[in-house]
Amino acid sequence: MSSVDMDLKKYLSRIGYAGPVEPSLDVLRAVHIRHLLSVPFEDLTIHSGGRVRLEPPLLFDKIVNQRRGGFCCENNGLFSWLLRNMGFQVTVVSGQVMSKNTGRYGPPFDHLINMVTLDGCRWLCDVGFGSSGFSAPLSLDINGPQEQGHRVYRIREDKGMLFLEWQGEENKGPDGMWAEIYKFTLEPRCLEDFVEMCQYHQSSPYSIFFCKSLCTMLKPGGRLTYIGHRLTTTTYPTDGTELETTTRELKDEEIPGILAEQFGIVLNSPLIPKDETVTPVPVMY
């Protein structure tokens, strides 16, 4: 497959976006949320006998033609191509994720993120993260809280490092308890810089992607998450309601149907469900 097969209109159709394509903040916000609502964050290739590769035509074929998803290097890597071809100024940057399982940061190039510069303002874009991810681009020029629905985020700078933080599924204001999601710098990177860590995530017991077969996607009003033999439905709070989470145990034979019906994913090879404990990284980053 060559780059000529990477069609902008086909990509926009994949994410259900039919609006204007001229660069603007409204357009950026629209394609960001449509991507999250349409393309799952998933690692199922690793657990169905395949290998993840980062060549853009291969990513396009997987995500657009096969209607799959991917982890950060895949979803955000291809999203950077989409934004550039829409006329946005995009810089790929590198982050390190704070693991909820181990309480430690991952290695450098652990996470691929996009920064968009538009009309002199900088925006953090991330369509390749899990349940704690933000739904609309965050401003890199604001130090204080940035509200998104029932959630609140902030980007804090300390000694040249930027920290994305949130207050979980609540908003207690600036004085609430903040938890780190990932740290990053704004040094420009390219997709090829992440090849080694892409292999790491497919083979290391220190990586959640190697240890757990997972698939999660933002839904209107909530989120749906598959891990191992569990399907978790989260309904976000609205006025007068609280956050609701329900978990269903799945049998092996149920999983392909769930993936197809709920996430639109049909795998070419059988999935081997996996939900093992992630080993803490031996080095403190």
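Modeller: A residue is called buried here if its relative accessible area is under 20%, exposed if over 50% and partly exposed in between, using a 1.4 Å probe and protein chains only. This is a predicted model, in which local features need pLDDT of at least 70 and side-chain atom pairs count only at pLDDT 80 or more, while totals for chains, interfaces and linings use all residues. Residues are numbered from 1 along each chain as its sequence is written, and side-chain values use heavy atoms, with hydrogens and water left out.

Colleague: How many residues apart in sequence are the parts that Phe129 and Tyr182 tie together?

Modeller: Rings of Phe, Tyr and Trp (its six-membered ring) pair if their centres lie within 6.5 Å, and planes under 30 degrees apart count as stacked, over 60 as edge-to-face and the rest as tilted. Phe129 and Tyr182, which are both buried, form an edge-to-face pair at 5.4 Å centre to centre, with 65 degrees between the planes. Because Phe129 lies in the loop between strands S4 and S5 and Tyr182 in strand S9, the parts tied together are separated in sequence by 53 residues. Strands (E, at least two residues) and helices (H or I, at least four) are DSSP runs numbered from the N terminus, and that places residues 179-184 in the strand of Tyr182, with the separation standing at 53 residues.

Colleague: Are Tyr153 and Trp166 buried or exposed?

Modeller: Tyr153 and Trp166 form a stacked aromatic pair, 6.2 Å centre to centre with 15 degrees between the planes. Tyr153 belongs to strand S7 and Trp166 to strand S8, so the pair ties together parts 13 residues apart in sequence. As for accessibility, Tyr153 and Trp166 are both buried.

Colleague: Over the ring of which residue does the charged end of Lys274 sit?

Modeller: A charge sits over a ring if NZ of Lys or CZ of Arg is within 6 Å of the ring centre and within 35 degrees of the ring normal. The charged end of Lys274 is 3.7 Å from the centre of the ring it sits over, that of Phe210.

Colleague: How many disulfides does the structure hold?

Modeller: A disulfide is a pair of cysteine sulfur atoms within 2.5 Å. The sulfur of Cys121 is 13 Å from the closest cysteine sulfur, in Cys125, which is too far for a bond. Cys211 is likewise in no disulfide, with the sulfur of Cys198 the nearest at 16 Å. For the structure, the number of disulfides is 0.

Colleague: With the side chain of which residue does Asp126 make a polar contact?

Modeller: Lys and Arg count as positive and Asp and Glu as negative, with His and the chain ends not counted, and a salt bridge needs a side-chain nitrogen of Lys or Arg within 4 Å of a carboxyl oxygen of Asp or Glu. Asp126 is buried yet has no salt bridge, the nearest side chain of opposite charge being Arg223 at 9.7 Å. A polar contact is a pair of N or O atoms within 3.5 Å; within protein, one must be able to donate a hydrogen and the other to accept it, and residues adjacent in sequence count only if both atoms are side-chain atoms. At 2.7 Å, the side chain of Asp126 makes such a contact with that of His111.
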